[in-house]
Amino acid sequence: MADFRQQALDYHEFPVPGKTAVTLTKPAQTSMDLALAYSPGVAEPVREIAADPETAYRYTAKGNTVAVISNGTAILGLGNLGPLASKPVMEGKALLFKHFANIDATDIEVKHRTAEEFINTVEAIADTFGGINLEDIKAPECFEIEKALIERCNVPVFHDDQHGTAIVTAAGMINALEIQGKAIDKAVFVCMGAGAAAIACMTMLVKCGVQRENVYMLDRKGVIHTRREDINEYKALFANNTDKRTLQDVIKGADAFLGLSGADVLKAEDVKLMAENPVIFACSNPDPEIRPETARDARHDLIMGTGRSDYPNQVNNVLCFPFIFRGALDVRASKINDEMKLAAVHAIADLAKEPVPQEVLAAYPNVTELSFGPDYVIPKPMDSRLLDRVAKAVAQAAIDSGVAAIKQLPAHYQD
């Protein structure tokens with residue numbers, strides 16, 4: 001019986017924890033296979049996990065799984081179309097997790113009447129997974145939902161629309177400002193948009209050195225300032241004590257523009273008002289706040305980024321979220337904290353300064369050369385080095401900040 005017990009435990013642990021991913025990970029051809037896989041063999045890991053829940057990481061697929069969860073209230077740029085309509089996006093996210101970081105992701109779409117119902121649902125199923133990726137949840141509810149789930153869940157919870165966007169934006173912006181010869185703590189920012197992504201981006205940039213008093217954020221009613229009484233607590237974080245009220249007021253002399261709003265809201269005339277050597281990240285998809293061609297016609301000294309793959313400097317969450325979770329899962333982090341996010345920012349930014357391998361160029365038929373500069377401030381999504389660099393930096397930051405159950409980097413990260 002002891003041999004059978006160990007066989008059952010080994011079966012569930014090797015060669016990878018658990019029995020299924022996208023395909024079966026264990027044999028199921030013989031009667032002995034079935035005896036190990038289900039009854040009676042499966043009782044052995046059940047007993048182990050009941051005695052010590054941490055052994056679920058040894059005997060099941062938990063440690064390599066992420067739930068991609070949405071309520072469909074902010075699907076891409078399409079708005080509140082409901083949970084079922086969000087399913088294609090969540091499935092796409094699962095594909096990216098698998099392709100870029102070999103993480104098995106499951107999409108889950110939740111119907112609910114209140115934010116508390118959504119929170120309770122996710123909390124109830126969270127222990128099934130190694131991590132929770134929240135997606136396409138509208139502001140301001142997304143802030144409340146993420147905060148509550150971080151507090152209640154024992155696995156890392158990450159709202160990618162906020163933090164993934166923020167990490168990649170910050171990495172690109174740091175490099176762009178450096179190329180343009182601008183000190184981040186002196187740069188004046190205009191942020192068009194005041195939703196979850198915009199607030200998260202500017203919050204991350206503040207953590208990277210931007211001065212809050214140098215930030216002008218705008219919503220549909222104009223500049224968010226300290227005398228407005230119609231703003232929520234999240235917008236209030238960026239209420240500027242200023243008499244400026246319009247985009248034209250704040251864009252004059254600005255060093256950087258970040259757009260997370262809608263198409264064509266920034267005009268060529270506005271770009272001409274910016275300081276020398278400006279940076280423009282127009283990230284609304286599929287149509288940016290200003291077309292790169294229009295911006296470059298207005299200013300030849302700018303650095304331009306968008307969310308699109310058909311222009312240089314694509315600000316894309318896929319540079320971040322698979323590798324954030326890979327690093328977190330590999331050291332069993334209990335959360336994804338600021339230290340881990342900042343580690344990802346700097347790992348992504350630093351990679352753009354290194355020579356670009358031929359295999360990356362081969363993935364982009366219309367590109368013959370890439371080097372750190374105005375048209376290459378951020379790595380390409382197909383750069384396979386991102387997996388090791390970003391995941392390793394995140395894993396180490398988790399260990400150093402005390403949120404990792406595994407206290408040293410796994411062997412595959414060792415130089």
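Tutor: A residue counts as buried under 20% relative accessible area, exposed over 50%, and partly exposed in between (1.4 Å probe, protein chains only). Helices (H or I, at least four residues) and strands (E, at least two) are DSSP runs, numbered from the N terminus. The model is predicted: local features need pLDDT of at least 70 and side-chain atom pairs count only at pLDDT 80 or more, while totals for chains, interfaces and linings use all residues. Residues are numbered from 1 along each chain as its sequence is written, and side-chain values use heavy atoms, with hydrogens and water left out.

Student: Let me try strand E1. How many residues of E1 are buried?

Tutor: Six of the six residues of E1 are buried, so this strand is largely enclosed by the rest of the structure.

Student: Which residues of E1 lie on one side, and which on the other?

Tutor: In a regular strand the side chains alternate between the two faces of the sheet. Here Thr65, Ala67 and Ile69 are on one side of E1, with Val66, Val68 and Ser70 on the other. Both faces are covered, and all of these residues are buried.

Student: In what order do the four strands of the parallel sheet stand?

Tutor: Strands of a sheet pair through backbone hydrogen bonds, either parallel or antiparallel. Two strands count as paired if DSSP finds at least two bridges between them. In this open sheet of four strands the order is E2-E1-E3-E4, with parallel pairing. E2 and strand E4 (157–159) stand at the edges with a single partner each, so one side of each lacks a neighbour in the sheet. From one strand to the next, the twist averages 25 degrees.

Student: How many bridges pair E1 and E2?

Tutor: Six bridges join E1 and E2 in the parallel sense.

Student: What lies across E1, E2 and E3?

Tutor: That is helix H5, which runs at about 170 degrees to E2. Axes are lines fitted to C-alpha atoms, for helices over the stretch in contact, and angles run from 0 to 180 degrees between N-to-C directions. Helix H8 also packs on the sheet and touches E3 and E4, its direction making about 75 degrees with that of E4. Contact here means heavy atoms within 4.5 Å.

Student: And the other sheet: in what order do its six strands stand?

Tutor: The order is E7-E6-E5-E8-E9-E10, and this open sheet has mixed pairing. Strand E7 (222–223) and strand E10 (303–306) are the edge strands, each pairing on one side only. E6 (residues 215–219) runs antiparallel to E7, joined by two bridges. Asp219 stands opposite Gly222 in E7. Look for H8 again: helix H8 (residues 160–179) lies across strand E5 (189–192), strand E8 (256–259), strand E9 (279–282) and E10, at about 155 degrees to E9.

Student: Next, a lysine. Is Lys341 buried or exposed?

Tutor: Lys341 counts as buried because its relative accessibility is 8%. Lys341 lies in helix H15 (residues 338–351). Leaving aside residues up to four places away in sequence, Lys341 touches His163, Ile167, Met204 and Ile336.

Student: What should I look for in the backbone angles?

Tutor: Most residues other than glycine have a negative phi, and most peptide bonds are trans. Asn102, in the loop between H5 and strand E2 (104–109), has a positive phi near 55 degrees. At 45% relative accessibility, Asn102 is partly exposed. Asn313 has a positive phi too, about 60 degrees, and sits in the loop between E10 and helix H14 (321–330). At 3% relative accessibility, Asn313 counts as buried.

Student: Which residue is joined to Pro286 by a cis peptide bond?

Tutor: Asn285 is, with omega about 0 degrees. Pro286 lies in the loop between E9 and helix H13 (292–298). The bond from Ala139 to Pro140 is cis as well, with omega near 0 degrees. You will find Pro140 in the loop between strand E3 (131–134) and helix H7 (141–152).
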